[in-house]
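Trainee: I would like to learn how to read a protein fold step by step, and I have one on the screen. Could we go through it together?

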Amino acid sequence: MQKSGIFLVIVGGIIVLGIALSFYGSQMITEGFIQNTAKVGSGNSLDVESFLDPVIEDTGVYVVQVMNFQENAVSVSLFDPFGAIIDSSTIEKESYEKQFEIQTQGNYRLSVENSGSETEIIIAIGHLPSSDKLVIGYTGFYILIVGLIGIVIMGLVAIKNKRKKRIS
């Protein structure tokens, strides 16, 4: 019984570590993003602006998430600091992410237009997170998976031990 208690503490610690690293990694990844959330009706748009500098990172990323997704209803346009369109496309799935090259420093504007029924839209723009930040998030996720596998193993061992006790 003492072995199972120690194993339970270890598995619990692994799960807590995995959750903490996943949360911390998510915070680190999104800390440099500027975001906006709103319910956007038909014919309306949602904008967000962010100061981006190629010296910090020469690749930017924007994310669009549509809650009540409808095909060909939401389109996105990305503008450089001079007002020229860098990228324009129609959102084809509920969660959309795209990278772009930051050529000059300044305020980049992301504009999302809705031609369908009213829906909640979340948009964000910022520098592409470094691989170090991504590794922390992924590591937390994998540690959490290991902890959950440990719980399954504990359950199987407990069932096996109960069967042994019944047979004896």
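Mentor: What follows is a set of questions and answers about the strands and helices of this predicted model.

Trainee: How many bridges join β4 and strand β7?

Mentor: Strand β4 covers residues 74–79, while strand β7 covers residues 106–114. One place to look is Ser-77, which stands opposite Ser-111 in β7. The two strands pair in the antiparallel sense, and the number of bridges is six.

Trainee: Which residue takes a positive phi in the hairpin of β4 and β5?

Mentor: β4 and β5 pair in the antiparallel sense over five bridges, and Phe-79 stands opposite Ile-85 in β5. Between the strands of this hairpin there are five residues. The one with a positive phi, near 90°, is Gly-83.

Trainee: Is strand β8 largely enclosed or largely open to the outside?

Mentor: To decide, we count a residue as buried when its relative accessible area is under 20%. Strand β8 (residues 119–127) has nine residues and seven of them are buried, so the rest of the structure leaves this strand largely enclosed.

Trainee: Which residue of β8 is the bridge partner of Lys-39?

Mentor: Strand β1 (residues 34–40) runs antiparallel to β8, and seven bridges join them. Strand β3 (residues 59–66) is also joined to β8 by seven bridges and runs antiparallel to it, with Val-61 standing opposite Gly-126. For Lys-39, the partner in β8 is Glu-120.

Trainee: How are helix α1 and helix α2 turned against each other, roughly parallel or roughly antiparallel?

Mentor: In general, a pair of packed helices is described by the distance between the axes and the angle between them. Here the axes of helix α1 (residues 2–30) and helix α2 (residues 131–167) come within 7 Å and cross at roughly 155°. Because angles over 145 degrees count as such, this crossing makes α1, relative to α2, roughly antiparallel.

Trainee: How many nonpolar residues does the contact of α1 with α2 have?

Mentor: α1 passes α2 in a left-handed crossing. Sorted by class, their contact has one charged residue and nine polar ones, and the number of nonpolar residues is 20.

Key. Residues numbered from 1 in each chain as written. Predicted model: local features only at pLDDT ≥ 70, side-chain atom pairs only at ≥ 80, totals over all residues. Heavy atoms only, no water. Pairing = 2+ DSSP bridges. Helix = DSSP H or I, 4+ residues; strand = E, 2+ residues; numbered from the N terminus. Buried < 20%, exposed > 50% of the residue type's maximum accessible area, 1.4 Å probe, protein only. Axes fitted to C-alpha atoms, helices over the stretch in contact; angles between N-to-C directions. Parallel < 35°, antiparallel > 145°, perpendicular 65-115°, else oblique. Left-handed = near helix turned anticlockwise from the far one by under 90°. Nonpolar A, V, L, I, M, F, W, Y, C, P; charged D, E, K, R; others polar.
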